[in-house]
Amino acid sequence: MRFREMAAAVRVLARNDLARYNGSGTSETGRFEDELGRMLGVEHALAVNSGTSALIGALVGAGIGPGDEVLVPAFTWVATAAAPLAVGAVPVLVEIDESLTMDPADLARKITPHTRAVIPVHMLNLVCDMDSIMKVAAEHDLVVIEDTCQAIGVRHHGRRVGSIGHVGAFSFNQHKNITCGEGGAVVTNDGRIHARAAMHHDVGSYERPGWIETEALFPGVNHRMPELSAAILRPQLAALDAQLDRRRQRRRMVLDRVASGSWTGITTSPHHDETDAVGLALTFEDPAQARAFGELRGARRLIDSGRHVYINWQSVLAKRSFHPLFDPHAWAHREVDYGPDSCPATLEILARSCAVELAPEVPTPAFRFLTRGMSR
């Protein structure tokens with residue numbers, strides 16, 4: 001942990017106000033929400049305790065529930081598919097394309113009369129084709145919930161991801177661009193979505209300072225962000241653009257080396273906004289090459305990334321809940337296929353793709369190998 005985060009944590013500890021609603025009039029969480037909203041250019045930001053909670057809050061805010069179908073990519077962390085189940089809806093799998101993000105063409109094919117929402121995921125700092133996804137969603141009156149857990153701060157044609165859809169969800173766990181160990185946020189320009197998500201994230205919301213009842217009251221849960229988490233995030237948020245610039249510089253170094261012909265049989269995954277790209281993955285001609293590169297260079301082959309691949313979502317594939325009467329599949333209008341052959345293109349692409357971590361601090365072995373001999 002850097003000095004600024006340590007100082008922020010000490011400031012909270014010295015006040016002895018570890019919970020957001022502490023009565024002192026000073027809230028690190030409230031300040032973080034304001035700063036996040038300004039950075040993203042959105043009207044409402046709600047801090048929560050995880051990315052999963054953010055996705056659930058976004059779905060609650062959008063009014064998604066039993067009998068609804070929610071389209072999710074077959075390559076994402078399992079929470080993207082589990083979140084619809086938490087509100088009584090069922091996830092429907094959509095293929096990815098070579099960009100490693102949701103395929104808009106397959107998205108259009110998977111829409112049924114029961115589809116209510118779509119969750120495009122910006123995986124590995126790789127941005128979805130949001131222009132096409134928003135067009136398809138508008139044609140079918142779908143709510144777009146951007147899963148931006150792995151791409152906070154990244155832009156798509158000048159707009160920050162998470163602010164393009166109707167609502168965005170963020171994660172701040174240990175592996176994200178900014179982190180407090182565990183944390184998340186819901187962002188939106190829609191006042192109703194924000195009010196419902198806020199009510200859901202705090203069971204005592206109706207007695208909080210400044211509470212304005214714009215929606216019919218319903219009981220929530222406790223998904224609030226602690227003050228220590230918000231304090232640690234605030235200095236990281238202020239430094240985020242500088243960190244992302246460092247990632248972009250490293251990405252360009254790899255692209256220059258690949259373009260020079262130094263590495264045969266390797267291409268970089270396409271990006272939907274190349275001028276502002278941050279994430280990087282390599283695509284090989286066959287899976288054996290990807291496996292060998294990953295084993296030798298410490299670059300994760302994506303088919304081997306465990307619960308990021310739909311065939312490993314055992315808790316979702318089981319099609320049951322903690323109680324038989326609360327099983328979303330019992331309320332579904334049709335049988336939803338989660339079989340291993342439901343998204344074959346996704347498995348084929350992931351088998352020959354490797355992620356290259358462009359950490360802004362210490363260069364990874366794969367990055368050093370791909371750029372050896374170049375000035376850094």
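In this predicted model, 7 strands make up an open sheet with mixed pairing, and their order is β1-β9-β8-β5-β4-β2-β3. Strands here are DSSP runs of E with at least two residues, helices are runs of H or I with at least four, and both are numbered from the N terminus; two strands pair if DSSP finds at least two bridges between them. The edges of the sheet are β1 (44-48) and β3 (90-94), each pairing on one side only. From one strand to the next, the twist averages 25°.

Inside that order, β4 (residues 115-118) and β5 (residues 143-147) run in the parallel sense and share 2 bridges. One partner to look up is V144 in β5, which bridges to V118.

Now for the helices. Helix α4 (residues 79-86) lies across β2 (69-73), β3 and β5, and runs at about 150° to β3. Angles go from 0 to 180 degrees between N-to-C directions, with axes fitted as lines to C-alpha atoms, for helices over the stretch in contact. Contact means heavy atoms within 4.5 Å.

Helices α2 (residues 28-40) and α8 (residues 227-238) pack at about 35°, their axes 8 Å apart. On the α2 side, the residues that meet α8 include F32, L36 and M39; among their counterparts in α8 are A230, L233 and L237. Sorted by class, this contact has 7 nonpolar, 1 polar and 5 charged residues.

Residue numbers start from 1 along each chain as its sequence is written, and side-chain values use heavy atoms, without hydrogens and water. Local features need pLDDT of at least 70, side-chain atom pairs count only at pLDDT 80 or more, and totals for chains, interfaces and linings use all residues.

Methods. Nonpolar A, V, L, I, M, F, W, Y, C, P; charged D, E, K, R; others polar.
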